[in-house]
Amino acid sequence: MANESRVYSCNNCLNPVAFSKHLLSKAFVAKSGRAAMFGETMNVTVGEKTVKKLMTGDFTVGEIYCAKCGQVLGWKYFQAHQPNQVYKEGKFILELAKLVKSA
């Protein structure tokens, strides 16, 4: 199977939530440890927008939930409050501890 077709799924219910071809970076940290930034996700719902202070500044974000089982998987960046962080806007952070990856 080609690397581009690998799928990241919710570790709770195996609902597919992202393709490896949309993986942008694994250089992120979340509550559960390592996290990854994706340009696109699928089969998720996004919660209410809230302003949070994260390691790199203040952001307007919404939690991401698995659309099948409701587990919190990470967050979506809606707005960066610092000019050097705007590249994150519209991107998704998924906690790697809450995902399984197909071979």
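How exposed is Lys53? Lys53 has a relative accessible area of 67%, so it counts as exposed, a word used here for residues over 50%, while buried means under 20% and partly exposed lies in between (1.4 Å probe, protein chains only). Keep in mind that this is a predicted model, in which local features need pLDDT of at least 70, side-chain atom pairs count only at pLDDT 80 or more, and totals for chains, interfaces and linings use all residues. Residues are numbered from 1 along each chain as its sequence is written, and side-chain values use heavy atoms, with hydrogens and water left out.

**View 1. The whole protein chain is built from nine strands and zero helices.** Helices (H or I, at least four residues) and strands (E, at least two) are DSSP runs, numbered from the N terminus. Along the principal axes, the C-alpha atoms fill a box of roughly 40 × 25 × 20 Å. Of the 103 residues, 38% count as buried.

**View 2. Six strands form an open sheet.** Read across the sheet, the order is β3-β4-β8-β7-β6-β5, and the pairing is antiparallel. At the edges sit β3 (23–30) and β5 (44–54), each of which pairs on one side only. Two strands pair if DSSP finds at least two bridges between them. On average, neighbouring strands of this sheet are turned by 30 degrees against each other, direction ignored; the axes are lines fitted to C-alpha atoms (for helices over the stretch in contact), and angles run from 0 to 180 degrees between N-to-C directions.

**View 3. Strands β7 and β8 pair in the antiparallel sense.** Look for residues 72–80 in β7 and residues 92–95 in β8, which are joined over three bridges.

**View 4. Lys53 and Asp58 form a salt bridge.** A salt bridge is a side-chain nitrogen of Lys or Arg within 4 Å of a carboxyl oxygen of Asp or Glu. Side chains of opposite charge can pair when their charged atoms come close. Between Asp58 and Lys53, the closest N and O atoms are 3.0 Å apart. Asp58 counts as partly exposed because its relative accessibility is 24%, whereas Lys53 is exposed at 67%.

**View 5. Lys98 and Glu95 meet in a salt bridge as well.** The structure holds two salt bridges, and in this one the N to O distance is 3.9 Å. Both Lys98 and Glu95 are buried.

**View 6. Leu14 and Asn43 have positive phi values.** Leu14 has a phi near 65 degrees, a positive value in a residue other than glycine. You will find Leu14 in the loop between β1 (7–10) and β2 (16–19), exposed with a relative accessible area of 57%. For Asn43, phi is near 55 degrees. Asn43 belongs to the loop between β4 (33–38) and β5 and is partly exposed, with a relative accessible area of 37%.
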